[in-house]
2 protein chains.
Amino acid sequence: MPLICTGTIGIDTVFAPAGHAERVLGGSCTYFCAAASFFSPVRMVAAVGGDFPSEFRDVLSSFAGVDLRGLETRPNSKTFAWGGKYLQNMNTRETLFTELGVLAEHPPTVPEAFADSRYVFLANSHPAVQLNLLSQIRGKPTVVADTMDLWINTAKADLLVLLRKTDGLVLNYDEAELLTGRSNSVAAARHILEMGPRFVVVKKGEHGALLAHRDGLAALPAFPAEFVVDPTGAGDTFAGGMMGWIASTNAPDPASFDTIRRSLAAGTVVASFNIESFSLDRLRTLTRSELDTRIRQYADMVRIP
Amino acid sequence: MPLICTGTIGIDTVFAPAGHAERVLGGSCTYFCAAASFFSPVRMVAAVGGDFPSEFRDVLSSFAGVDLRGLETRPNSKTFAWGGKYLQNMNTRETLFTELGVLAEHPPTVPEAFADSRYVFLANSHPAVQLNLLSQIRGKPTVVADTMDLWINTAKADLLVLLRKTDGLVLNYDEAELLTGRSNSVAAARHILEMGPRFVVVKKGEHGALLAHRDGLAALPAFPAEFVVDPTGAGDTFAGGMMGWIASTNAPDPASFDTIRRSLAAGTVVASFNIESFSLDRLRTLTRSELDTRIRQYADMVRIP
């Protein structure tokens, strides 16, 4: 069943304890779609500028399941660029620079051919933009959104409208606290359920995630990774694995508690591969069989025997 | 099979966002033994001063499985007292005061009647004291130790001798990093395995725990607790539930990977009850049936369906 993602494509510069990478392919939509494509075809809606390197386009094309018909190229604009630095423990990062480029312009349009998408992921962006993109999809798709502190602080009214139209929200622990004023993640997640979504995933980076669903709670540790090169894209590949899995199920209720739990295991594991390298380097060589093996390992690691 | 714990009994004063408690019963051995007693009889070896209130002795006696023959009362000494304050997010605490009292004197003696203990938990203390206490146990018991940054910094040689005599070590994430110089918890835990123990439990508070065992890795989230009153004793009740469970199994190999994993679920759940109140208030009313129910809930929450 068709899955669509709207978000950013970026040119990233990353400094990490293990090394650095300059002007490599990144962005929320990039990471999401690459991750999702292991489980399901995925439609990308994003914009880049005239400076977008053709090699990056080739990388995107190399993920066979990614449909690039929604990738807009704006010859007179610049691609979004971001630079960041991770500190020793990898949990804290500093933004070094942000060049908005196309992100400062009108959002990309959802192609007519994508309007029948049944699963929608709205990567982090102004909630009014997310609502506008969602309005271009026909019918009643399963909708999951991401957000960030900036929109909670500056566009909360729009965000609350969006939440009433979503099945699920994924956000970081700090953002959940900011949105609800509750520092306990269970209390914060339960509070968000009252704002509309059927489920909320509170991401805690290397500490895993909490799922609060109207039908129950689940706690998921991260995959215990020994060698982390670059955490960039961990949250987006987590969401991509999750949504790709959901879209692959053809379940009568794609947002049921058990389906979401299984999907989060898939997301956790794709993210654990992604952080083994800069950019999409690891995902480019990853196979579905490697993924399935690690998903089984993960399920066994968290099981109480 | 008999389980023994050596550690502290304290008079605690705790300030937390939910309230405060002055001069209440605490200490590592107290929390450990109360928690362990839900699963197995447990022998306490600890010292208190002449100021130790008789009501506190009654509380200890109310845990039917706790054998108090190793509780030394020193009429001319003072009981260890500790004051601490938790900040809003409960992950950070400040020590307000420490009155060592009996802890500055010679350690308590293991009664001859306890020398046949088959399971030994050495709560946090100078590793030379831990080694001395261990030397009073006959035969080849299953030994698990706790430690802290102070001993890693000041008594590392003794600690390394102790590690070669233990089956398992439980310690906080920060301490694992300090002991090994590795900031990644998986790498740190694997390094500790090379120092002697068959298994290491890296505790991460509200983020759960990592188990590194010679036979595999496991990741355990904390029980998602919505109402936390006082985190004091969380680590000790976790260890108590773990060791009480292990002692209850009569398994031919009590430190096998699967037994330790099951025991950590028990420890996680006892700790989740303990933090619902100050001191032992919640554990005093807790029943084995409530525990078993939550252990089943926990196992279901972490399962990938």
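Reader: Through which surface do the two copies meet, and why can one say that?
Author: In this predicted model, 100% of the interface residues of chain B are also interface residues in chain A, so the copies meet through the same surface.

Reader: What rotation and shift superpose chain B on chain A?
Author: Chain B is superposed on chain A by a rotation of 180° with 0.0 Å of shift along its axis, and the RMSD is 0.0 Å. That is the relation of a two-fold axis.

Reader: How many residues does each chain put into the contact?
Author: Chain B contributes 29 residues and chain A contributes 29 residues.

Reader: And which elements of chain B supply at least two residues of the side that touches chain A?
Author: Four elements of chain B each supply at least two residues there, namely helix H7 (185-193), strand S13 (216-220), helix H9 (257-274) and helix H11 (288-302).

Reader: How do the residues on that side of chain B divide into nonpolar, polar and charged?
Author: The side of chain B that touches chain A has 17 nonpolar, six polar and six charged residues.

Reader: Switching to the sheets, what is the strand order in the open sheet of nine in chain A?
Author: The nine strands of that open sheet in chain A follow the order S5-S4-S1-S8-S9-S10-S11-S12-S13, and their pairing is mixed. Strand S5 (66-74) and strand S13 (216-220) of chain A stand at the edges, and because each has a single partner strand, one side of each is left without a neighbour in the sheet. On average, neighbouring strands of this sheet are turned by 15° against each other, with direction ignored.

Reader: Within it, are S11 and S12 of chain A parallel or antiparallel, and over how many bridges?
Author: Strand S11 (residues 199-203) and strand S12 (residues 209-213) of chain A pair in the antiparallel sense, and five bridges make up the pairing. Across that pair, Val200(A) stands opposite Ala212(A) in S12(A).

Reader: What about the open sheet of four strands in chain B?
Author: The order of that sheet in chain B is S3-S2-S6-S7, again with mixed pairing. Its edge strands are strand S3 (19-26) and strand S7 (93-99) of chain B, each of which pairs on one side only. Here neighbouring strands are turned by 15° against each other on average, direction ignored.

Reader: How many bridges join S2 to S3 in chain B?
Author: Strand S2 (residues 10-16) of chain B is joined to S3(B) by six bridges, and the two run antiparallel. In this pair, Val14(B) stands opposite Ala21(B) in S3(B).

Reader: Now the helices: at what angle do H1 and H8 of chain A cross?
Author: The axes of helix H1 (residues 28-36) and helix H8 (residues 234-249) of chain A cross at roughly 40° and come within 7 Å. H1(A) and H8(A) are therefore oblique to each other, and H1(A) passes H8(A) in a right-handed crossing.

Reader: Which residues make that contact?
Author: On the H1(A) side the residues include Tyr31(A), Phe32(A) and Cys33(A), while those of H8(A) include Asp236(A), Thr237(A) and Met243(A). By class, the residues of the contact of H1(A) with H8(A) are eight nonpolar, five polar and one charged.

Reader: How do H9 and H11 of chain A pack?
Author: Helix H9 (residues 257-274) and helix H11 (residues 288-302) of chain A have their axes 9 Å apart and pack at an angle of about 115°, and H9(A) passes H11(A) in a right-handed crossing. Among the residues in contact are Ala265(A), Val269(A) and Val270(A) of H9(A) and Leu291(A), Arg294(A) and Tyr298(A) of H11(A). The contact of H9(A) with H11(A) divides into eight nonpolar, two polar and one charged residues.

Reader: And in chain B, how far apart are the axes of H8 and H9?
Author: The axes of helix H8 (residues 234-249) of chain B and H9(B) are 7 Å apart, and the two helices pack at an angle of about 140°. That makes H8(B) oblique to H9(B), and the crossing in which H8(B) passes H9(B) is right-handed.

Reader: Which residues of H8(B) and H9(B) meet?
Author: Phe238(B), Trp245(B) and Ile246(B) are among those in H8(B), and Arg262(B), Leu264(B) and Asn274(B) are among those in H9(B). The contact of H8(B) with H9(B) has eleven nonpolar, nine polar and one charged residues.

How values were computed:
Residues are numbered from 1 along each chain as its sequence is written. Chains are lettered from A and ligands numbered from 1 in the order in which they are written. This is a predicted model: local features need pLDDT of at least 70, side-chain atom pairs count only at pLDDT 80 or more; totals for chains, interfaces and linings use all residues. Two strands pair if DSSP finds at least two bridges between them. Axes are lines fitted to C-alpha atoms, for helices over the stretch in contact, and angles run from 0 to 180 degrees between N-to-C directions. Copies are superposed by least squares on the C-alpha atoms of residues with pLDDT of at least 70 in both. Two residues are in contact if their C-beta atoms, placed from the backbone, lie within 7 Å. Angles under 35 degrees count as roughly parallel, over 145 as roughly antiparallel, 65 to 115 as roughly perpendicular and the rest as oblique. A crossing is left-handed if the near helix is turned anticlockwise from the far one by less than a right angle, and right-handed if clockwise. Ala, Val, Leu, Ile, Met, Phe, Trp, Tyr, Cys and Pro count as nonpolar, Asp, Glu, Lys and Arg as charged, and the others, Gly among them, as polar.
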